[in-house]
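This briefing goes through the model below by topic, from the overall fold to single residues. Please keep the sequence and the structure in view while reading.

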Amino acid sequence: MALENLHRAAMSVLLKKWATTGIENSYSARFERANSPLGTGEPIPCPYCFLYGNGKLARLTPLPTVNNWGAVRCAECGEKLEFRDEG
């Protein structure tokens, strides 16, 4: 559930930044590939770096969960995403 909420938060960033449908679809595909049971080794991409870096795959680093809110910070640009962590 936490990964679904992280994906929703990342997609919200892309929507707020007026990303095209193609970028949204490409980001979702990369997100899914990063969470694949086949273990591709790709990081969960930062939506900011992905959008502004032309598909750049910057790693999101988990931060401590506080009061059922999870958070990640981009290792590259430093942006922080917060999401409901119900897991």
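How many residues lie between β2 and β3 in their hairpin, and which glycine in the turn has a positive phi? In this predicted model, β2 and β3 form a hairpin with five residues between them, and Gly78 in that turn has a positive phi of about 85°. The points that follow place this hairpin within the chain.

**Overall fold**

- The protein chain holds three helices and three strands, which follow one another along the sequence in the pattern α-α-α-β-β-β.
- The radius of gyration of the protein chain is 12 Å, close to the 12 Å that the globule rule gives for 87 residues, so the chain is as compact as a globular protein of that length.
- Taken along the principal axes, the box filled by the C-alpha atoms of the protein chain is roughly 35 × 30 × 20 Å, and buried residues make up 37% of the 87 residues.
- Among the contacts in the protein chain with a separation of 6 or more, 34% come from residues 24 or more positions apart.

**Helix α2 and its buried side**

- Helix α2 covers residues 21-34, and at 1.5 Å a residue its 14 residues should span 20 Å, which agrees with the 20 Å between its end C-alpha atoms.
- The buried residues of α2 are Glu24, Tyr27, Ser28, Phe31 and Ala34; they cover an arc of only 125° around the axis, which puts them on the same side of α2.
- An α-helix has 3.6 residues a turn, so residues three or four places apart point the same way.
- The cover over the buried residues of α2 includes α1 (2-16) and α3 (47-52).
- His7, which is found in helix α1, is buried with a relative accessible area of 18%, because buried means under 20%.

**Nonpolar core**

- The largest nonpolar core has 22 residues, of which Leu6, Tyr27, Cys46, Leu60 and Leu81 touch the most other members.
- The elements giving two or more residues to this core are α1, α2, α3, β2 and β3, and the largest share, six residues, comes from α1.
- Not counting residues up to four places away in sequence, Cys46 touches Tyr27, Ala58, Leu60, Cys74 and Cys77.

**Strands and turns**

- Strand β1 (residues 60-66) and strand β2 (residues 69-74) run antiparallel and are joined by five bridges, with Val72 in β2 as the bridge partner of Pro62.
- β2 also pairs in the antiparallel sense with strand β3 (residues 80-84), over five bridges, and Trp69 stands opposite Arg84 in β3.
- β1 and β2 form a hairpin with two residues between them.
- Most residues other than glycine have a negative phi.
- Asn67, although it is not a glycine, has a positive phi of about 50°; this residue lies in the loop between β1 and β2 and counts as exposed, at 67% relative accessibility.
- Asn68 is also found in the loop between β1 and β2, where its phi is near 65°, a positive value in a residue other than glycine, and at 44% relative accessibility Asn68 counts as partly exposed.

Conventions: Residues numbered from 1 in each chain as written. Predicted model: local features only at pLDDT ≥ 70, side-chain atom pairs only at ≥ 80, totals over all residues. Heavy atoms only, no water. Helix = DSSP H or I, 4+ residues; strand = E, 2+ residues; numbered from the N terminus. Expected span 1.5 Å × (residues − 1). Buried < 20%, exposed > 50% of the residue type's maximum accessible area, 1.4 Å probe, protein only. Arc of directions from axis to C-beta. Contact = heavy atoms within 4.5 Å. Pairing = 2+ DSSP bridges. Core = buried A, V, L, I, M, F, W, Y, C linked by side-chain atoms within 4.5 Å. Rg over C-alpha atoms; globule rule 2.2 N^0.38 Å.
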